Amino acid sequence: MTQVFINGARDDLNVREFQSLDHSIQELILAATEARKQAYCPYSNFAVGAALRTSDGTIYSGCNIENGAYATCICAERTAAVKAISEGKRDFVACAVVAQQDNGFTTPCGVCRQFLSEFVNGKDIALYAAKPTNLPLRVLCTSVLQLLPNGFSFANGK
C-alpha cells in the first residue's frame, strides 16, 4: 500500500473504513453521495456532493454548480451551507464531501474552508471525505480547522 500524506499526517491515521463509522456519519456521507448526482459541471466534469449536519440533526445537501463565467460557480459545500443558513441554521457539527479523485481524497477548496470556518462558533466541524461508490470503502476523517489552521476571523483579530 502506498503511503499517502494528507496535511502532513499519514493517511492511515486519518482514514477509516465506512462500515466502522457511526450510523449518523454514514448517513451524512450517503446524503453527499446522492447530492453529487445533481451536480451541474459541464466545464470540469468534476461532480462533487456535500452534506452538512446541523446541531439539531438536520442534513442539508448540495452539489457543485458551474457557469461559463467561472467566478460565478459555487462549490457543493457552500451550496449546502447556503441552503442551511437561508433556513436559519448556522450551528454545523459535521460535513461530508464526496467526489471521484483517483489519488487521495477531495477536501473543500480554500474558499469553502474559509466559508465553513465562519460557522465553527468556538468549536470545530468534523469533516468526512469519500469517493462515490455503491458503498464508500474508505473515508478521510478530519475537520475544518485541521484543514484551515489559523484561518481569517474577526473574532481572533486577524
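Reader: Before I start, what should I know about the model and the numbering?
Author: Residues are numbered from 1 along each chain as its sequence is written, and side-chain values use heavy atoms, leaving out hydrogens and water. The model is predicted, so local features need pLDDT of at least 70 and side-chain atom pairs count only at pLDDT 80 or more, while totals for chains, interfaces and linings use all residues.

Reader: Ok. Where does Thr 79 lie?
Author: Thr 79 lies in helix α3, residues 76–86. Helices are DSSP runs of H or I with at least four residues, strands are runs of E with at least two, and both are numbered from the N terminus.

Reader: Is Thr 79 buried or exposed?
Author: Thr 79 counts as buried because its relative accessibility is 12%. Buried means under 20% relative accessible area, exposed over 50%, and partly exposed in between, with a 1.4 Å probe and protein chains only.

Reader: What is Thr 79 in contact with?
Author: Leaving aside neighbours within four places in sequence, Thr 79 is in contact with Gly 62, Cys 63, Ile 65 and Ile 74. Contact means heavy atoms within 4.5 Å. A polar atom of the Thr 79 side chain lies 3.0 Å from the backbone oxygen of Cys 63.

Reader: And how many residues of α3 are buried?
Author: Eight of its eleven, among them Ala 76 and Ile 85. The buried residues of α3 pack against β4 (48–54), β5 (59–63), β6 (92–99) and α4 (110–117).

Reader: New topic: what comes after α3?
Author: Gly 88 follows α3, with a positive phi near 85 degrees.

Terms used:
Polar contact = N/O pair within 3.5 Å; in protein donor to acceptor, adjacent residues only side chain to side chain.
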